[in-house]
Amino acid sequence: MLSLKDYQSDIDIKWCPGCGNFGILAAMKDALVNMNIAPEKLLIISGIGQAANTPHYLKCNMFHTLHGRALSIATGAKIANHDLTVVLNCGDGDCYGEGGNHFISTVRRNPDLTLLVHNNKVYGLTKGQASPTSDLGMVTKMQHHGVISESFSPLTVALALGAGFVARGFSGDEKHLSQLIQEGIKHKGLSLIDIMQPCVSFNTVNTFAWYKSRAYYLEEANHDSGNFEKALELSRQWGDRIPVGILYKKEKPHFTGRIHSLKAGSLISRTYNSAKLEQFLARI
Amino acid sequence: MSTNITIKIGGEAGQGIQTVGDLLSLVCQKTGLYVMAINDFESRIRGGHSFMQLRISDQPILAPYHQVHLLVALDEKTVQLHKSELADGGLILMEGTGQAAGSALQIPITELAMQAGGKITANIVAAGACLSLLGAPFEIYKNVLTDHFAKKGPEAIEKNLKAATLGYEAVKGASFQWVFEWKPESPKGSLIDGAKAVALGALAADCRMAAFYPMSPATGILSHLEMFSDHFPLVVEQAEDEIAAINMIIGASFAGVRAMTATSGGGFCLMVEALGFAAMSENPIVIVNTQRPGPATGLPTRTAQADLLFTIYASQDEFPRFVFAPATPTEAFDVMIRAFHLADKYQVPSLVLSDQYLTDSIFMTEKPLKAPEKIERFIASDADLSNPSDYKRYALTPSGISPRALPCMGKALVIGIGNEHGEYGHGSEAAENRVNMANKRNGKIHAMSKDMNPPKACYGDSETLIVAWGSSQGAVIEAVSMLRKEGMNVGCLNFTDIWPLPMEETISALSKAKRFFVVEGNQTAQFASLIRQQTGLTHSGTILKYDGRPFYPIEIADGVKNLVR
């Protein structure tokens with residue numbers, strides 16, 4: 001059996017003290033150990049930003065990529081080797097801003113990936129500008145008259161695009177988040193877990209206390225995660241009460257399972273057949 | 001050349017011009033003639049003006065010819081646009097019922113097509129008339145047509161054979177100055193366009209993943225690959241944009257398979273961020289840039305060689321890469337195999353510069369296309385590593401090449417990254433480390449340049465050398481033979497391996513000549529600048545073409561004469 005020690009990294013953690021990312025890191029370790037996924041059997045792909053540093057603080061195969069592009073890179077990795085277990089750590093600006101087009105198309109493709117979006121509603125690493133998920137009117141150093149664009153609702157968008165696993169987690173509840181991550185990894189297809197993550201340095205509005213007083217659990221509210229219309233309605237709920245848990249879950253055909261030429265096995269497992277090529281080339 | 005005939009078939013998009021070109025090419029190929037065809041069209045699906053220009057010879061053909069011997073006009077516009085290109089004694093075959101007058105030969109193309117079973121067969125009528133004028137035996141056209149329409153059933157074959165016969169008979173008795181005796185021999189080679197050659201080269205190189213966003217003139221490459229994917233371990237994914245396409249192939253490469261993308265200049269612009277990422281994370285990829293003219297959207301269906309310096313320098317900062325520019329489909333096939341091999345060997349990006357002319361033109365390839373017997377992947381398994389539990393993806397080595405393990409394939413934990421990093425792959429901002437890592441990456445260049453092929457000389461000891469690269473090489477070789485026939489002491493030096501520039505060979509080849517001129521499909525003589533920058537050798541003149549069309553040998557020959565004068 002694995003223990004938390006197997007995922008212990010000795011890399012110096014660069015996050016601010018009290019950062020919401022610590023809760024996500026702890027929940028990930030708990031989930032991976034609980035599922036008995038060995039570090040050498042896991043690939044984490046991350047974008048750019050504070051969230052994207054997460055895999056360095058674990059111990060596993062990882063690819064720390066470009067801002068916004070993690071989903072495309074993960075899709076490519078899955079095409080090459082669809083037997084990989086792939087988890088992504090991205091930020092809100094990373095995944096929904098710079099990578100918005102990839103987010104849309106990846107939800108539509110539905111590759112078997114677990115996408116953790118550390119949503120702190122602000123750009124942390126560049127010192128506090130508004131992000132796509134910042135609430136309307138939020139004042140930052142850069143938006144000093146307040147944010148004037150509507151907030152991006154990732155859960156609504158994902159549902160509208162046909163996502164098969166749409167959930168919201170909270171970094172302040174590691175146990176619950178760990179459960180969500182485990183469910184997400186088990187789900188065949190794209191699992192979106194948007195995680196409410198306080199930024200203690202640059203977001204003075206959406207704090208731990210702010211989230212704690214508003215979050216309620218969908219399991220306790222007897223929500224039926226097979227009810228799409230209800231999920232859509234819940235995805236718009238924000239303010240005094242914020243739903244946490246699995247909004248929607250439905251098994252659907254996943255991307256690599258639909259690709260004809262992968263039926264014979266993963267690309268990486270196949271052998272180069274020079275004789276067959278020679279025959280093919282001779283017919284040209 | 002005893003036979004050197006150029007036929008131009010022009011009309012509107014949608015009139016089946018390409019089919020006429022394909023059929024005529026096949027008839028020539030099957031009778032042992034050499035043939036090449038350029039495809040000239042506008043960025044539209046219907047209407048406008050497009051043409052195919054076929055050159056037929058009993059000798060190998062390297063480039064299109066500047067004069068037209070037989071102009072097949074499927075519309076009036078074709079006559080107006082191209083009659084000035086007619087050689088003395090050239091003939092225009094056109095729609096009409098009038099008597100032969102001067103250079104025009106009229107036949108009722110549409111009416112004959114209607115008789116055969118529909119207006120749609122007008123192109124088949126025209127091709128029949130064409131072959132009749134050239135003196136080709138009808139039997140061969142019949143066989144080619146039967147094969148071509150086999151999939152569409154006996155009715156379609158019958159209809160088209162009737163159209164062919166009517167066209168063939170309609171010009172019986174008309175005279176064509178260049179009619180020749182057809183002595184059917186076995187084919188000299190296969191007909192192939194650059195797009196297919198690039199795709200086949202990738203397949204032979206064991207490319208298993210290709211991602212792309214549709215863009216002319218590169219899309220043909222992906223269509224071919226997509227068709228191969230039913231028979232080989234290969235996935236072709238149409239991405240949401242070029243950024244996703246290149247990042248997907250980087251992901252596939254990281255996970256362990258050979259992967260490529262193909263695009264044109266504008267799409268390559270979008271890929272540049274990830275090009276740097278592939279270089280920094282040391283994941284081998286292959287990018288084909290099928291050049292077209294102009295910044296922004298430019299001229300989507302035309303040809304150019306103006307992305308050379310952009311391709312060599314694309315991305316911020318400095319890192320090694322390979323750049324190749326094949327001259328012909330045969331070379332493109334071989335270049336793709338080398339591009340993948342060398343990308344893997346050095347863990348760097350390989351870029352292949354093609355262009356619309358090479359991609360869309362039909363060439364005859366005499367050399368059979370051969371796949372490598374084995375593919376060397378340069379991948380380290382646990383067994384190859386002294387201590388897999390302490391694996392360093394970016395280990396500092398004398399060659400700059402670190403053992404490359406794959407994620408989830410053993411005990412070794414693979415950490416890939418685009419930030420500057422230490423040997424394990426974790427981010428590092430230490431000054432000394434930064435210098436070590438930059439030296440490691442760029443330190444590969446010396447060995448990389450040793451793997452580059454030298455330029456190919458043709459009469460390399462001549463007083464004057466013409467230097468060319470990429471698809472202009474064919475026209476330059478023919479220009480050299482034209483000039484030498486006139487007694488000029490001229491040779492050429494052709495580059496397919498562009499970057500890193502094979503320095504010693506380039507310097508020694510150019511130093512022998514009294515002067516050299518550079519021929520390129522761009523406005524600012526980019527390759528001439530590169531040669532001067534790298535070798536200190538300065539050209540004595542340039543012959544540049546940037547109207548979106550390929551070089552004719554005569555333009556180069558005339559250009560050289562002007563420069564020498």
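**View 1. Strands 17 and 18 of chain B run side by side in the parallel sense.** In this predicted model, strand 17 (residues 464-469) and strand 18 (residues 490-495) of chain B are joined by six bridges; strands here are DSSP runs of E with at least two residues, helices are runs of H or I with at least four, and both are numbered from the N terminus. Two strands count as paired if DSSP finds at least two bridges between them. Look for B:Trp469, whose bridge partner in strand 18 is B:Phe495.

**View 2. Zooming out shows an open, mixed sheet of five strands in chain B.** Their order is 16-18-17-20-21. Strand 16 (456-458) and strand 21 (541-544) of chain B form the edges, each pairing on one side only. Neighbouring strands are turned by 20° against each other on average, direction ignored.

**View 3. Helix 16 and helix 18 of chain B lie across strands of this sheet.** Helix 16 (residues 473-485) runs at about 170° to strand 18, and helix 18 (residues 526-535) runs at about 135° to strand 20. Axes are lines fitted to C-alpha atoms, for helices over the stretch in contact, with angles from 0 to 180 degrees between N-to-C directions.

**View 4. Domain 2 of chain B touches domain 3 of chain B.** Here 24 residues of domain 2 are in contact with 21 residues of domain 3, contact meaning C-beta atoms, placed from the backbone, within 7 Å. Helix 12 (329-346) and strand 13 (349-355) of chain B are among the elements that each supply at least two residues of the domain 2 side.

Residues are numbered from 1 along each chain as its sequence is written, while chains are lettered from A and ligands numbered from 1 in the order written. Local features need pLDDT of at least 70, side-chain atom pairs count only at pLDDT 80 or more, and totals for chains, interfaces and linings use all residues.

Notes. Two residues are in contact if their C-beta atoms, placed from the backbone, lie within 7 Å.
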